[in-house]
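Below is a briefing on one chain.

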Amino acid sequence: MNLNQDNIFKALIASLQANSVCDCNYSFLNNFSKTEWQSLYQLSARQGVLAIVWSAIGKLANEGKLTPEQMPDKALKLQWALSAEKIKNRYNKQRQLAEKLADAFAKEGIDTYVLKGLAISGYYPIPEYRECGDLDCYLSTTKANGEFVCRYDDGNEIAAKIGAKVDIGYYKHSHINYKGLLVENDAS
């Protein structure tokens with residue numbers, strides 16, 4: 001991808017920011033080739049922002065800043081839209097599974113502190129468009145004196161009881177695979 005396309009990539013992402021004051025002139029997309037659109041699609045996928053860039057393209061089209069002639073061809077638009085929908089659906093499924101798992105921990109008096117992964121999606125303009133590979137968490141109980149007590153082992157046990165596969169063979173965490181949601185349960 002050349003510098004021009006890199007700037008396009010950044011401009012598209014910036015256009016989604018809530019208070020974006022981007023006076024970008026998108027006329028450069030008039031001559032954007034099929035290959036350049038494909039390259040932008042692939043870069044977006046590699047960077048984990050495919051759905052976000054697709055959303056930006058849609059926003060610009062709705063605002064009239066991107067004309068139908070400037071848009072990618074029909075096949076790529078369909079591929080992009082379906083890929084974005086798949087990301088959204090996966091995110092929603094991961095979120096539901098994370099909530100069920102956290103509920104199972106809560107029933108046993110365990111608090112779930114999400115460290116990264118799904119939690120970061122809240123910083124995105126459209127949380128469902130954040131691609132997420134796993135959920136990193138710390139499980140604990142708070143004593144009356146305010147001291148945190150790690151509930152790592154209990155969390156692994158509870159997860160196994162509700163049908164998750166638990167692998168404790170990692171240095172600082174276990175891997176809990178709950179119906180396709182990968183959870184890193186931090187040990188310290």
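Glu99 is partly exposed, because its relative accessibility is 43%, and partly exposed covers the range between buried (under 20% relative accessible area) and exposed (over 50%), with a 1.4 Å probe and protein chains only. Glu99 forms a salt bridge with Arg95, with 3.5 Å between the closest N and O atoms. The model is predicted: local features need pLDDT of at least 70, side-chain atom pairs count only at pLDDT 80 or more, and totals for chains, interfaces and linings use all residues. Residues are numbered from 1 along each chain as its sequence is written, and side-chain values use heavy atoms, with hydrogens and water left out.

**Salt bridges**

- A salt bridge here puts a side-chain nitrogen of Lys or Arg within 4 Å of a carboxyl oxygen of Asp or Glu.
- The count by this rule is six salt bridges.
- Side chains of opposite charge can pair when their charged atoms come close.
- Arg95, the partner of Glu99, is partly exposed at 41% relative accessible area.
- Glu99 and Arg95 are four residues apart in helix H4, so about one helical turn separates them.
- An α-helix has 3.6 residues a turn, so residues three or four places apart point the same way.
- Glu63 and Lys65 join their side chains in a salt bridge, at 3.3 Å from N to O.
- Glu63 is partly exposed at 40% relative accessibility, and Lys65 is partly exposed at 39% relative accessible area.
- A network of salt bridges links Lys59, Glu63 and Lys65.
- Asp154 and Arg151 also meet in a salt bridge, at 2.5 Å from N to O.
- Asp154 is partly exposed, with 30% relative accessible area, whereas Arg151 counts as buried at 18% relative accessibility.

**Overall layout**

- The chain has five helices and six strands. Both are DSSP runs numbered from the N terminus: helices are H or I with at least four residues, strands are E with at least two.
- From the N terminus the order is α-α-α-α-β-β-β-α-β-β-β.
- The chain has 188 residues, of which 39% count as buried.
- Among contacts with a separation of 6 or more, 61% join residues 24 or more positions apart. Contact means heavy atoms within 4.5 Å.

**Helices H2 and H3**

- Two packed helices are described by the angle between their axes and the distance between the axes.
- H2 (residues 34-46) packs on H3 (residues 50-62) at about 135 degrees, with the axes 7 Å apart. The axes are lines fitted to C-alpha atoms, for helices over the stretch in contact, and angles run from 0 to 180 degrees between N-to-C directions.
- That makes H2 oblique to H3. Under 35 degrees counts as roughly parallel, over 145 as roughly antiparallel, 65 to 115 as roughly perpendicular, and the rest as oblique.
- From H2, Trp37, Tyr41, Ser44 and Ala45 meet Leu50, Val53 and Ile57 of H3.
- By class, this contact has six nonpolar residues, one polar and no charged. Ala, Val, Leu, Ile, Met, Phe, Trp, Tyr, Cys and Pro count as nonpolar, Asp, Glu, Lys and Arg as charged, and the others, Gly among them, as polar.

**Helix H5**

- In H5 (residues 152-161), the buried residues are Tyr152, Gly155, Asn156, Ile158 and Ala159.
- Seen down the axis of H5, they fall within an arc of 165 degrees, so they line one face of the helix. The arc is that of the directions from the helix axis to the C-beta atoms.
- Asp153 and Lys161 are exposed on the other side of H5.
- The buried residues of H5 pack against H4, S2, S3, S4 (165-167), S5 (173-178) and S6 (181-186).

- Gln94 lies in helix H4 (residues 74-107) and is buried at 5% relative accessible area.
- Beyond residues up to four places away in sequence, Gln94 touches Leu118, Cys132, Gly133 and Leu181.
- Ser140 belongs to strand S2 and is buried, with a relative accessible area of 0%.
- Glu147 sits in the loop between strand S2 (135-142) and strand S3 (148-150), and counts as partly exposed at 39% relative accessibility.
- Glu147 touches Thr141 and Thr142, with residues up to four places away in sequence not counted.
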